[in-house]
Amino acid sequence: MTLNEDRVGRLLDRLHREADATDRPLFEEMMKQAGDGGMEGAIAELVAASADYRQVASDFGGNFLAVSPGYGRFLYALARAVRAKRIVEFGTSMGVSSIYLAAALRDNGGGHLIGSELEPAKAARARAHLDAAGLLDLVDIREGDALDTLRDIGGEVDLLLIDGAWPLYLPVLKLIERHLRPGAIVVAENAFAQDYLDYVRDPAHGYIWQTLPIDEGRGNEFAVKVG
Ligand SMILES: C[S@@+](CC[C@H](N)C(=O)[O-])C[C@H]1O[C@@H](n2cnc3c(N)ncnc32)[C@H](O)[C@@H]1O
């Protein structure tokens, strides 16, 4: 299993440590500013501030904002379970989640991970990390706004990870939706955008959904395209 290979395991350990050290002050500051509102207050403030998503992406240009190790293993397991060959990721950042997904593609016998990242410096670091993991040949990280870069996907999608700017969760889902094969999985990390949740939870749109108890409070929404 690729995840257990020395160079991949060590790299992920290092990146999770680095992400923790880099992002902890940001999360502590957010909690402090949210004051009595706690986590929910902090999220409400972030939702309000996220409308100017290009500015937000630039402000957080040095942050990983990565999935946790547990969620990363969950992504790997999902991609293996559906024998994913084509995966789309909205919001690549430094490539931590991409390593889990690309490792699953490798163990599925190959495939394509199409990533998207607004910040060029982050895309470059993600490519370097994937290269260090020996997985870059499976990954195409597209720089720029996902609303533009994810227009041409080139085939059926088995798994979509939505983890970018919050106001774009629903627009990105709608962009990719026609490519989702029956039984495709859509996972959204930090799914706090109400229009996204309303859409996926409306049976008319053909998803079966569940909010996951992984990393409680982080808004991990899971859906399978069944209709
Ligand atoms: C939460 S982070 C992604 C973390 C990554 N999935 C991981 O687990 O390692 C969100 C990323 O989405 C990027 N982003 C925000 N808006 C975007 C857009 N419109 N198009 C592409 N990337 C975007 C941000 O720059 C940021 O790096």
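The legends below describe views of a predicted model of one protein chain.

**Figure 1. The whole chain and its secondary structure.** Nine helices and seven strands make up the secondary structure of the chain. Taken along the principal axes, the box filled by the C-alpha atoms is roughly 50 × 45 × 30 Å. A compact globule of 227 residues would have a radius of gyration near 17 Å, and the chain agrees with this because its own value is 17 Å. Of contacts between residues at least 6 apart in sequence, 74% join residues at least 24 apart.

**Figure 2. The surface and the charged side chains.** Buried residues account for 54% of the 227 residues. There are 24 positive and 35 negative side chains in the chain. The centres of these two sets are 7 Å apart.

**Figure 3. The largest nonpolar core.** This core has 43 residues, and Ile99 and Val187 are the members that touch the most others. Two or more residues come from each of the helices α1 (6-34), α4 (69-81), α5 (96-107) and α6 (120-132), and from each of the strands β3 (139-143), β4 (157-162), β5 (180-188) and β7 (221-225). The element that gives the most is α5, with eight residues.

**Figure 4. The contacts of Val187.** Which residues is Val187 in contact with, leaving aside its neighbours within four places in sequence? Val187 meets Tyr71, Phe74, Leu75 and Leu78. It is also in contact with Leu159, Leu160, Leu161 and Ile162. Glu221 and Phe222 complete the list.

Figure 5. Asp163 sits in the loop between β4 and α8 (169-177). Is Asp163 buried or exposed? Its relative accessible area is 13%, so Asp163 counts as buried, the cut-off being under 20%. Not counting residues up to four places away in sequence, Asp163 touches Leu65, Val67, Phe90, Gly91, Tyr169, Glu189 and Asn190.

**Figure 6. Asp163 and Phe222.** These two residues are 59 apart in sequence. In space, the distance from C-alpha to C-alpha is 12 Å. Phe222 is also one of the residues in contact with Val187.

Key. Residues numbered from 1 in each chain as written. Predicted model: local features only at pLDDT ≥ 70, side-chain atom pairs only at ≥ 80, totals over all residues. Heavy atoms only, no water. Core = buried A, V, L, I, M, F, W, Y, C linked by side-chain atoms within 4.5 Å. Buried < 20%, exposed > 50% of the residue type's maximum accessible area, 1.4 Å probe, protein only. Helix = DSSP H or I, 4+ residues; strand = E, 2+ residues; numbered from the N terminus. Contact = heavy atoms within 4.5 Å. Rg over C-alpha atoms; globule rule 2.2 N^0.38 Å. Lys, Arg positive; Asp, Glu negative; His and termini not counted. Charge placed at Lys NZ, Arg CZ, Asp CG, Glu CD.
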